[in-house]
Amino acid sequence: MNAVVVYKSKYGSTKTYAQWIANELGCDAVDAKETKIQDLQDYDTIIYGGGLYAEVIAGVSLVTKNIDKLKDKKIIVFSTGLTPQNCKEYYDKMVWEKNFKPEVRDKVKMFNFPGKMIVSELSLVHRTAIKSLKKIMSGKKKPTEMEKLLIDLCDADGDFSDKSLITELVEYAKN
């Protein structure tokens, strides 16, 4: 298998998953900041990982804007974030539709992994955004189940990364 794992990581969990996946596949993990689309042309399988921020996978445009140049490749995208994996509607609708245009969706396989949020490591912008989100959601008279979950996630503090969760992605990449 001729594969590469490309990642964009702000707080480290996406990089950790990228390294775990690369180790399992026996390939390289490279930072998206150091990668151009032409660097990916020699690979058969391209795995892209990015943190999830307001349903947007960080840096995924490297893949989505260049889908025509990658048309003969197996393309796998993974995100890391705090929303639980069992929130299928969130990932299948909000994340999927926000990141992938209809013409791209049948060319990409997506996986989602829990990441980390160590509050003391967050940038001022992210800490402020989380406080604002919690305040807005907490002020709703009848919050939806998803809004209640968002309120709870605003209080998350820890590393929820789990190497065992990469198994399905690794198997998909190998087949």
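Q: Which two strands form a hairpin, and how many residues lie between them?
A: E3 and E4 form the hairpin, with two residues between them. Ala 54 sits in that turn and has a positive phi of about 50 degrees. Strands here are DSSP runs of E with at least two residues, helices are runs of H or I with at least four, and both are numbered from the N terminus.

Q: Where do the numbers come from?
A: This is a predicted model, in which local features need pLDDT of at least 70 and side-chain atom pairs pLDDT 80 or more, while totals for chains, interfaces and linings use all residues. Residues count from 1 along each chain as its sequence is written, and side-chain values use heavy atoms, without hydrogens or water.

Q: How many bridges join E1 to E3?
A: Six, and E1 and E3 run parallel. Val 6 stands opposite Tyr 48 in E3.

Q: And how many join E3 to E5?
A: Seven. E3 and E5 run parallel. Within that pairing, Ile 47 has Ile 76 in E5 as its bridge partner.

Q: Why is E3 largely enclosed by the rest of the structure?
A: Because eight of its nine residues are buried. Buried means under 20% relative accessible area, exposed over 50%, partly exposed in between (1.4 Å probe, protein chains only).

Q: New topic: how many residues has H1?
A: H1 has 13 residues, numbered 13-25. From its first C-alpha to its last, H1 reaches 18 Å.

Q: Which residues in H1 are buried?
A: Ser 13, Thr 14, Tyr 17, Ala 18, Trp 20, Ile 21, Ala 22 and Leu 25.

Q: What about helix geometry: how many residues a turn?
A: An α-helix has 3.6 residues a turn, so residues three or four places apart point the same way.

Q: What comes just after H1?
A: Gly 26, which takes a positive phi of about 70 degrees.

Q: Pockets next. Which residues lie nearest the centre of the largest pocket?
A: Leu 52, Tyr 53, Ala 54, Leu 82 and Ile 130, out of 34 lining residues. A pocket is an open set of points on a 1 Å grid where a 1.4 Å probe fits, with protein on both sides within 12 Å along at least five of seven lines; lining residues have an atom within 4 Å of a point.

Q: Which elements supply at least two residues of the lining of the largest pocket?
A: They are E1, H1, E3, E5, E7, H5 and H6. H5 gives the largest share, four residues.

Q: Which residues are closest to the centre of the second largest pocket?
A: Lys 88, Asp 92, Met 110, Phe 111 and Asn 112, from a lining of 13 residues. Helix H3 (88-99) and strand E6 (108-114) each give two or more of the lining residues. The largest share, five residues, comes from E6.

Q: Last one: where does Glu 121 lie?
A: In the loop between E7 and H5. Glu 121 counts as partly exposed because its relative accessibility is 43%.

Q: Which residues is Glu 121 in contact with?
A: Tyr 11 and Lys 116, leaving aside neighbours within four places in sequence. Contact means heavy atoms within 4.5 Å.

Q: And how far apart in space are Glu 121 and Ser 164?
A: They are 25 Å apart, C-alpha to C-alpha, and 43 residues apart in sequence.

Notes
The expected span of a helix is 1.5 Å times one less than its number of residues. Two strands pair if DSSP finds at least two bridges between them.
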